[in-house]
Structure formats: structure tokens, C-alpha cells
Amino acid sequence: MAIGWYLVVSAIVFCIGAGGVLVRRDPLVILLCLELMLNGANLALVAFARMWGTESGQIFALIVMVVAACEVTVGLGLIVAIYRRRLPIDVDELSELHG
Amino acid sequence: MSTTTFAWLVLLCPLLGTVVIGLGHRWLPGRSAGWLGTAAIALAFIFSLVVLIKLLGQPESHRQLVSALWDYNVTSGVDARMQILVDPLSVFMILVVSGVSTLIHLYSVSYMNEDLGYRRYFSYLNYFVFSMLLLVLAGNFIILIIGWAFVGAASYLLISFWYRRTTATRAGLKAFLINVVGDVGLVLGTFFLFKHTGTVGFLRTFHEVRHVFTHNQPDLVAACLLLGVGAFAKSAQVPLHTWLPDAMEGPTPVSALIHAATMVTAGVYLIARMHPLFEHAPTAADVTAIGGGLTLLIAATIALVQVDIKRVIAYSTMSQIGYMIMAVSVGAYSAGLFHLMTHAFFKALLFMAAGSIIGAMAGVQSLDRMGGFRRALPFTFACFVVGGLALSGLPPLSGWLSKDDIIGYVLHRGGLFVVLAVIAYIGALLTPIYTFRMIFRAFFGEAVEEARELEHGHLHHAEVPRNPMTGEEEDTEVGFPGPGHFIAEREWPMKIAMGALAVLAVIGGVIQIPGVDDAVTNFLKPTFADSRLAHVQTPTGASWVGLIIGAVIALFGITLAYRVWVAMPGTAASLEERLPRLHRFLMNKWYFDELIDFVVVRPVLWLGGVTSGIGERVVIGDIVTGGATGIVRAGSAAVRRAQTGFLRYYAAGMVVAISVVALYFLVSS
Amino acid sequence: MSAVFFFFAAIGAISGAIGVVTLRNPFYAVLSLAFHLVMLAALFLLLRAEFVAAAQVVVYAGAVMVLYVFVVAYVGGGESLPSGAVLRVLGPLFALALVIELCIAMLGSGLSGVKHHGAPYVLGFGTPQHIGTLFLTKYLFPFEAASILLLVAAIGAVVLARRRAGLEDTDEPEAPDEIQIRSAQPGYVGSMAEGAGVRPAPHDPSIDPHVEPVGGSAEVKRGGW
């Protein structure tokens with residue numbers, strides 16, 4: 001298949017993830033959608049690596065995976081902490097950081 | 001060592017005195033601060049004598065010596081140096097200043113003996129002497145201005161010496177403010193001159209003045225008038241004179257030194273020093289001469305009705321300085337300076353004697369409460385009489401020779417100056433009247449309680465110390481006069497000082513007897529060599545006629561005073577009843593204070609109120625500062641509304657932004 | 001043949017993504033994401049990124065999703081919450097706009113190689129040997145940085161989620177309202193206010209109450225300023 005197809009798929013996945021971030025209220029699901037976006041980017045990276053024949057894209061994709069893992073860890077830690085303090089798990093309610 | 005080195009040493013001694021007493025006051029035992037201060041000035045006087053001798057050793061054409069310690073700025077179009085000018089005029093002045101100051105320091109050692117501010121006093125007094133010496137030794141306008149300002153500051157410090165008295169602090173402020181007006185005149189005058197001559201050094205300025213300015217050129221007249229403003233403020237001439245009577249709030253030795261012998265003569269010195277300028281702009285000289293004449297008369301009339309003994313002497317000083325200003329304005333330089341010297345002697349003597357009798361009265365200064373002290377205070381009485389006779393101009397005392405020298409010269413100048421001479425003779429008539437009014441009221445008549453106590457050997461002490469002007473109660477701690485009162489009969493330092501001045505007041509005139517010797521004139525000749533007026537000497541015969549007229553007037557005045565206040569007591573009271581409005585006019589000092597209050601003080605206060613109320617509070621506070629902060633606050637409030645706290649709106653914003661940016665790049669490619 | 005696999009994997013990935021976004025129960029959303037990740041791994045394989053595909057399955061689908069499952073089990077998963085009306089419409093709209101833009105950007109630009117099947121295959125492309133060599137030579141710094149990042153994240157997670165005694169922070173001690181120094185106060189401090197009589201000296205019974213502290217205390221008679 002031409003590489004272009006893979007790129008289209010990656011764009012679609014990325015935008016589904018973006019839409020999910022905007023639409024959902026549960027922070028857990030928002031984090032999942034963030035994972036979607038990261039995966040879309042990963043796909044694009046690997047596709048380009050195939051296109052040019054260099055492995056740098058794949059290395060980059062691995063690093064992105066590392067970053068995603070860290071981000072998930074910290075994000076879930078935050079959610080656990082919020083849950084412990086008996087606050088509602090709802091991003092529309094957690095709006096104290098305002099001006 | 002050269003002459004100028006000794007002149008620097010003259011400056012150094014009182015400066016060291018100030019610093020040592022001021023910084024080391026904690027470690028100076030007992031009353032040593034006073035002896036240290038006196039020694040410092042005595043040393044300065046000895047060095048002045050050395051300078052005199054060395055200067056006389058030089059040939060006459062080489063008697064104007066300049067010495068600079070360091071340069072301030074001698075490049076960009078100005079030649080400012082730390083420079084002194086040692087010439088006959090400055091040597092004359094330093095001799096008078098340091099000599100009289102030594103005697104006054106000696107007097108103060110006992111007069112201020114129990115004052116808690118003893119060391120501060122001597123530090124300030126030494127500082128004053130240093131400033132005055134700096135002023136008269138100055139070799140350029142910069143140092144002159146510095147000395148001028150220092151003297152003003154010292155005067156303020158010493159007038160408000162008893163700082164817990166409100167009257168004293170107010171008087172100090174008044175003196176300082178009026179002096180500042182004079183400082184402004186002095187500085188502006190300097191600038192006017194510098195603008196044309198391009199130099200600040202005295203000798204070079206005087207040399208240049210004939211080339212750079214035309215006769216009576218407006219700029220030069222303006223400069224001289226401004227210098228005259230400075231002189232008038234410092235010498236308490238009308239209309240800048242209102243500070244001098246109030247300055248009597250300071251301790252009596254301070255009045256003797258500053259407001260009789262030295263500081264108030266700074267104006268006379270200034271005009272004498274600037275004589276080339278004044279001679280080249282006769283308009284300005286005429287103005288100052290008229291000012292001096294007016295002051296002479298006004299002050300003499302006010303002195304006739306004053307009740308405070310120190311104020312009588314203060315107004316007398318004002319009047320006599322009027323004589324001196326008139327003299328140096330019309331060209332009678334040596335006469336004016338000779339009178340300066342003799343006046344320093346007998347006026348300081350009068351003040352010292354006044355201090356003695358005030359001590360006997362335990363701080364009371366009012367003539368209404370004094371009387372009959374002749375037997376109780378014989379030495380003080382003698383000093384008063386000697387000083388009074390010298391002041392009145394009775395032969396053969398010094399005052400007679402000096403004062404009538406001046407009047408003779410003015411008369412000889414002719415033209416409209418005859419009017420001034422007549423005014424001067426009227427003043428000469430009033431002088432013995434007010435002087436002997438003071439003496440007769442204090443020493444003749446019924447002896448008051450304090451005098452009777454003193455005759456029995458007991459010095460009166462007030463149970464409650466009071467402010468002599470307002471009568472309010474005070475205590476004797478720091479900031480007020482100390483508990484001790486001292487009279488000359490009991491304190492040998494006071495006796496020595498007064499005795500020395502009395503002797504000088506009697507024989508001091510011997511150095512300038514017309515026709516016999518003209519020591520002062522000859523000595524000052526190198527300074528005034530370039531003057532066109534100084535050479536015009538009154539012929540000996542005419543001056544002797546003037547002297548005799550003066551003597552007659554003095555005798556007449558004394559006799560008149562005797563008749564009014566001793567022979568027929570009650571004459572003064574009946575005169576007062578018959579001329580109430582005149583009396584009130586004179587008692588209110590010709591309403592000068594009220595005039596200045598109306599013309600100057602009120603508008604300035606109003607302006608201050610407007611500036612602070614509207615300018616400061618409204619414009620700067622509300623509009624400028626408030627406006628700026630308001631704008632910032634409004635802006636940040638507007639921006640703050642974007643921070644809602646909702647995560648998804650932030651995310652939406654990010655997505656939109658990315659889309660827009662990508663779109664932009666798409667379109668532009 | 002590979003085209004079939006491609007479409008199969010692509011459609012699976014996209015449906016998994018849609019499942020994540022739309023499923024109400026977060027547990028199902030997690031499962032949907034796991035499915036999506038496996039499909040993505042298949043796509044990676046098609047792109048000859050073997051190591052990346054293996055890492056994806058093992059790390060992402062294996063570890064990260066398990067972590068998610070644990071947290072969802074702990075937190076309990078919220079009920080279905082309807083989102084705000086505005087964003088419900090605008091959200092998908094923005095996403096649609098973005099995808100169109102991206103497609104135009106990628107395909108419409110003159111990017112050579114999108115039409116091709118990729119560069120000629122080098123033996124060992126995408127194998128662990130090649131990736132490992134690159135990590136330890138050319139990309140050593142990012143490798144180390146990534147490991148530090150993992151360390152930081154791990155510590156951060158532990159700190160964030162640790163249980164503390166009680167619900168509020170009681171680590172700092174209570175600051176006392178007013179610090180009272182109970183030392184013996186000198187009766188006469190010697191301040192100017194006391195000297196001027198503005199403030200009376202604090203009451204100290206050791207001082208004779210009849211001695212008035214006058215301005216400049218009474219024992220100074222040596223004559224000062």
C-alpha cells in the first residue's frame with residue numbers, strides 16, 4: 001500500500017482522539033483519548049520511517065511511547081489523588097484554577 | 001613657610017576644633033571642650049597675626065596673594081579651585097573675626113558653664129568661625145558661596161541652640177529662610193558675572209570687568225543688585241532684615257559673635273570686595289547706598305521703643321551696619337571697614353554686658369523689669385557705659401572716629417549723597433538716645449528686687465525657669481538654657497573678655513585719626529588700588545569739621561536721654577500717651593513682618609496647598625498613577641475572563657488554534 | 001495480500017478509536033483502546049517496524065492498559081455524564097475540520113513518496129539489532145533522557161498517590177497565632193517615646209513609680225548634646 005494511506009489513517013485516529021478530548025467529561029476517558037492522539041502520531045512517524053528508509057522515525061516512536069507511559073502514570077496518579085479527596089471525577093467540576 | 005600657608009593654618013584651626021569637639025565629645029572631660037574651642041580660635045588669631053606681619057613684609061605691589069589647594073574643575077570653560085586670596089582686606093577681616101571670636105569664646109566658657117549642651121555649643125561656634133574665615137579668605141566665587149552657605153547653616157544651628165523652645169526654632173528657621181533668599185541672589189549674581197567673564201576667580205574677574213562690561217551695562221547692574229540682595233540678607237538690611245531681632249533667641253555670646261561682630265558684616269565685606277563691579281555699575285551702588293541709609297534710620301527709630309534689651313542692641317547693630325553698607329557703596333571703603341572693626345569691639349562688648357545683666361536678672365531680658373543695677377553690677381555698668389559712649393560717637397572713643405569718618409566722606413561725595421549724609425546725622429542723633437535710654441533704664445532709678453539681692457551678695461535664681469519672650473514655663477534640661485546664671489563680676493573669663501573689648505573700644509580709633517595717621521587706609525590700599533573712588537580723600541580740615549559736628553550731636557543726644565529718663569522720669573510715658581499711633585507703628589517694627597507675611601508667606605503657602613491638594617493628590621495621584629493602574633487592572637480583568645477553569649474549553653482552544661495555524665500555512669504555501 | 005491486511009487493520013483501528021470516544025462505560029473504553037492498540041501493532045508490522053510493534057503490544061497494550069484497568073477498577077468509573085451542549089456539537093466539528101486540513105496538508109502537498117510503497121528494503125530494517133545499535137550510538141542522549149523521564153514520572157506518581165494520615169495536610173505544625181515572649185521585660189527601655197512622655201514605660205514594680213522619666217533620663221547630668 002502506498003504510504004499515503006497510512007498517513008490518512010493516522011490523521012483520522014488523531015482527530016478522533018482530539019474530538020474525544022473535547023467531548024468527554026470523565027478525566028479517565030480524556031486520558032484514553034490522549035493516548036489515541038499519541039498513537040496516531042506514532043503511526044505517522046513509523047510510516048515516514050518506512051518512506052525514507054531510515055529508522056529514526058521508529059526510534060522517535062519508541063520515545064513517544066515512553067513519554068506516553070510517563071504521562072499516563074502521572075495522570076492516573078492525579079486521578080487517584082482526586083478520588084481520595086472525594087472530589088467529583090468530572091473535568092467540568094474541577095475548575096478551580098481560574099482567573 | 002609662606003604667607004598663604006599660614007592663611008591655610010588659620011582656616012585649619014577652627015575646623016580641627018569643630019571636628020575634635022564634635023566627634024570626641026564623649027571623651028572630653030568636664031569643661032575642657034570650651035577651653036579647647038577657645039584655644040583653637042586663639043591659635044587662629046596668632047596665625048592671623050603672623051599672616052599680617054608676613055604680608056607687611058612684602059612690597060606693596062605684591063600684597064595680593066592667591067593660593068590653591070586643589071582644582072575642582074579647571075578645564076571645561078571654568079576655573080574652579082579650592083582657592084584663597086590673601087590680601088589686606090582679607091587679612092583685616094580675619095584679624096577682626098578671629099580676635100573678637102577668641103574673646104567671645106572666652107566669655108562663653110563661663111556663660112554657658114552649666115548648660116547641658118556645652119560641648120555642642122563650642123563645636124557649633126568653632127564651625128561658625130571656620131565658615132566665616134572661609135568666607136573672607138575666599139579667592140573665588142565658589143568658595144565664597146560655600147563659606148556663605150556654611151555661615152548661614154551655623155547661624156541657624158546657633159540661633160535654635162535651645163531647640164526645645166518653639167520661639168528659638170522658629171527664629172532659626174526664619175533666619176535661615178531669609179538667608180536662603182540671599183544665597184539665591186549671590187549665586188545668580190555669580191552666574192551673571194560668569195556668563196560674561198568666563199572665570200570665577202576674584203582677581204581675574206576684577207581685571208576683566210572693565211573690558212567685558214560697559215559702564216552701567218544692565219547685566220552688570222543686575223549682577224551687582226543680586227549680589228546686593230545677598231549682602232542685604234546676610235547683613236539684615238531692609239527689606240531682608242526681619243530675621244535679626246528674632247535671632248536674639250540664641251544665647252547672648254552667639255548674638256555677640258554672629259549678629260554683631262562677624263556674620264552680619266559679611267555683606268559689608270562682600271560689597272567691599274566686589275568694589276570694582278559696583279564702581280563700574282554705579283546704579284547698583286546707589287541702590288545699596290540708599291538701602292543702607294534707609295535701614296539706618298528705620299532701625300534707629302525702632303530701637304527707641306524696644307523693651308527687650310537684646311533687641312535694642314540688635315536694632316542698633318542693624319543701624320550701624322546700614323552705616324557700613326552706605327560707606328562701602330559710596331566708595332568710603334577704609335572708613336566703612338574701620339567702622340566695622342570698631343563696631344565689632346563695642347557691639348560685642350555691649351552684648352556681653354547685656355548677658356551679664358540678664359544673668360543677674362535670672363534670664364529676664366525686659367527693660368521694664370530692670371532698674372538701679374549701678375551699685376550691684378559696677379563692672380557691667382562701666383562696660384555698658386564705655387560701649388554706649390563708643391556707639392554714640394563721643395570723642396575720643398573709637399566709634400566717634402569711625403562713624404564720623406563715614407559721614408564726612410558721604411558728605412564730601414556731594415550731589416544727592418548729601419541727603420544720605422543728613423539721614424546719617426539724624427541716625428547719629430537717635431543712636432545715643434536709644435543707647436542711653438537702655439543704660440539709664442537698666443542702671444539708674446529705683447533698684448529692683450534682683451539688684452537689691454545682688455547688693456547683698458545673693459544672685460537671684462528663678463524658681464521656675466521661663467521663656468523670656470513668652471513667659472511659658474520650661475525646665476533646664478538639654479535643649480533649654482542651663483540652670484546657672486553668671487555675671488561678669490563673679491566670673492573672671494567674662495571679666496577678661498569684656499575688659500579687653502572695653503580697652504579696644506576706647507583706644508581702637510587711634511589707628512585712623514584723620515591727618516595724623518591713616519593706618520587702615522594705607523594698609524588697605526593694595527586692595528583698593530583699582531578703585532576710582534577710594535582715592536578721593538576728604539581733606540583733613542573738612543573731616544575734622546565733620547568730627548566736631550558728630551561729637552556735638554552725640555553729646556546732645558546723651559543729654560536728651562538723660563533728661564527724659566533720669567532727670568524727669570515719666571516724660572517717656574507721657575510722650576507715649578501723646579503719640580499712640582507713632583508708638584504703635586514703631587513697636588510693630590514698621591509692620592515689616594506683616595508685610596512680608598502678606599506678600600510672600602501667604603502666597604507661597606497657598607501655592608503649596610494648591611500643589612499638594614490638586615497637583616499631587618488629584619493629578620498625579622488619581623489621574624496619572626490611578627489612571628495607569630486602572631488601565632492595567634481593566635486590561636487584566638478582561639484577559640482574566642478567558643481563564644474559566646474548564647479543561648475542555650482550553651483543549652478546544654488549542655485545537656482551534658492548531659487548525660488556524662495549519663490553515664494559514666496551507667494557504668500561504 | 002498486504003492490502004487486505006491493511007484494510008482489516010485500519011478499519012479495526014478506527015473502530016477501536018471510535019469505541020473509545022463513544023462508549024459510556026470507561027471500562028469498555030479501556031478495552032476498546034486495547035483492541036485499537038493491537039490493530040495498530042499490525043499496521044506497524046505492515047510497515048516493517050517489528051520491534052516497534054512488539055513494544056507496542058508488550059508495553060502499551062500490556063502494561064499501560066493494565067494500569068488503566070487497575071485505576072478504573074479503583075476509581076469505579078463514573079456514570080455516563082452528558083457533556084455540555086455547546087461542545088457536544090462543536091467538538092466533533094473541530095475534529096472534522098482538523099482531519100480535513102491534515103489530509104489536504106499531507107496528500108495535497110508535493111510530498112514525494114506518499115504515492116510509493118516506501119524506500120527499498122534494507123535487510124534488518126526495523127529489527128531489534130538495528131534499533132538497539134541506534135539507541136546506543138546515535139540516539140544515546142535521548143535514550144538516557146527517556147530513562148530519567150521514566151524515573152521522574154515514577155517518583156511523581158508515588159508522591160501524588162501516597163496515602164497521608166487523615167485527609168488534610170497535617171505535615172506542617174500549627175503556627176501559633178501570637179508569639180508571646182514571656183521573658184522579663186525591662187521596666188525602662190529608654191526609647192525616645194518614653195523619654196518624651198508619649199508612651200509610658202511598661203509597668204515594672206522594680207522601678208520606683210514616683211520617678212518621672214523626664215525627657216533625657218534623670219541621671220544624665222554630665223552634659224550631653
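1. Let's start with burial in chain C: of its 225 residues, 24% are buried. Here a residue is buried if 20 or more other C-beta atoms lie within 10 Å of its own, exposed if 12 or fewer, and partly exposed in between, with C-beta atoms placed from the backbone. Please keep in mind that this is a predicted model, in which local features need pLDDT of at least 70 and side-chain atom pairs count only at pLDDT 80 or more, while totals for chains, interfaces and linings use all residues. Residues are numbered from 1 along each chain as its sequence is written, and chains are lettered from A and ligands numbered from 1 in the order in which they are written.

2. Chain C has 7 helices and 0 strands, giving the pattern α-α-α-α-α-α-α along the sequence. Helices (H or I, at least four residues) and strands (E, at least two) are DSSP runs, numbered from the N terminus. Among the contacts in chain C between residues at least 6 apart in sequence, 43% join residues at least 24 apart. Two residues are in contact if their C-beta atoms, placed from the backbone, lie within 7 Å.

3. Next, the side of chain C that touches chain A. Here 74 residues of chain C are in contact with 63 residues of chain A. The elements of chain C that give two or more residues to this side are α1 (2–22), α2 (26–46), α3 (50–75), α4 (85–108), α5 (128–136) and α6 (140–161). The most comes from α4(C), with 12 residues. By class, this side of chain C has 59 nonpolar, 12 polar and 3 charged residues. Ala, Val, Leu, Ile, Met, Phe, Trp, Tyr, Cys and Pro count as nonpolar, Asp, Glu, Lys and Arg as charged, and the others, Gly among them, as polar.

4. Chain A also meets chain B: 10 residues of chain A are in contact with 10 residues of chain B. On the chain A side, these are 5 nonpolar, 3 polar and 2 charged residues.

5. Strand β1 (residues 65–73) of chain B runs antiparallel to β2(B), and 6 bridges join them; two strands pair if DSSP finds at least two bridges between them. Within this pairing, Ser67(B) has Ile84(B) as its bridge partner in β2(B). The hairpin leaves 6 residues between β1(B) and β2(B), and Gly77(B) in the turn has a positive phi of about 75°. Strand β2 (residues 80–86) of chain B is mostly covered, with 5 of its 7 residues buried.

6. Now to a helix pair in chain B. The axes of α14 (residues 309–330) and α18 (residues 417–443) of chain B come within 11 Å and cross at roughly 160°. Axes are lines fitted to C-alpha atoms, for helices over the stretch in contact, and angles run from 0 to 180 degrees between N-to-C directions. The helices α14(B) and α18(B) are therefore roughly antiparallel to each other; angles under 35 degrees count as roughly parallel, over 145 as roughly antiparallel, 65 to 115 as roughly perpendicular and the rest as oblique. Residues of this contact divide into 11 nonpolar, 5 polar and no charged.

7. A second pair in chain B is α8 (residues 218–234) with α13 (residues 282–303), whose axes come within 8 Å and cross at roughly 25°. That makes α8(B) roughly parallel to α13(B). Contact residues include Val221(B) and Phe232(B) of α8(B), and Ala284(B) and Gly291(B) of α13(B). By class, the contact has 6 nonpolar, 4 polar and no charged residues.

8. Please look at two cis peptide bonds in chain B. One joins Val238(B) and Pro239(B), with omega about 0°, and Pro239(B) lies in the loop between α8 and α9 (243–246) of chain B. Another joins Pro395(B) and Pro396(B), with omega about -10°; Pro396(B) sits in the loop between α16 (378–392) and α17 (398–413) of chain B.

9. Finally, some loop residues to check. Trp590(B), in the loop between α24 (580–587) and α25 (592–640) of chain B, has a positive phi near 60°. Trp590(B) counts as partly exposed because it has 15 C-beta neighbours inside 10 Å. Tyr591(B) has a positive phi near 55° and is exposed, with 12 other C-beta atoms within 10 Å.
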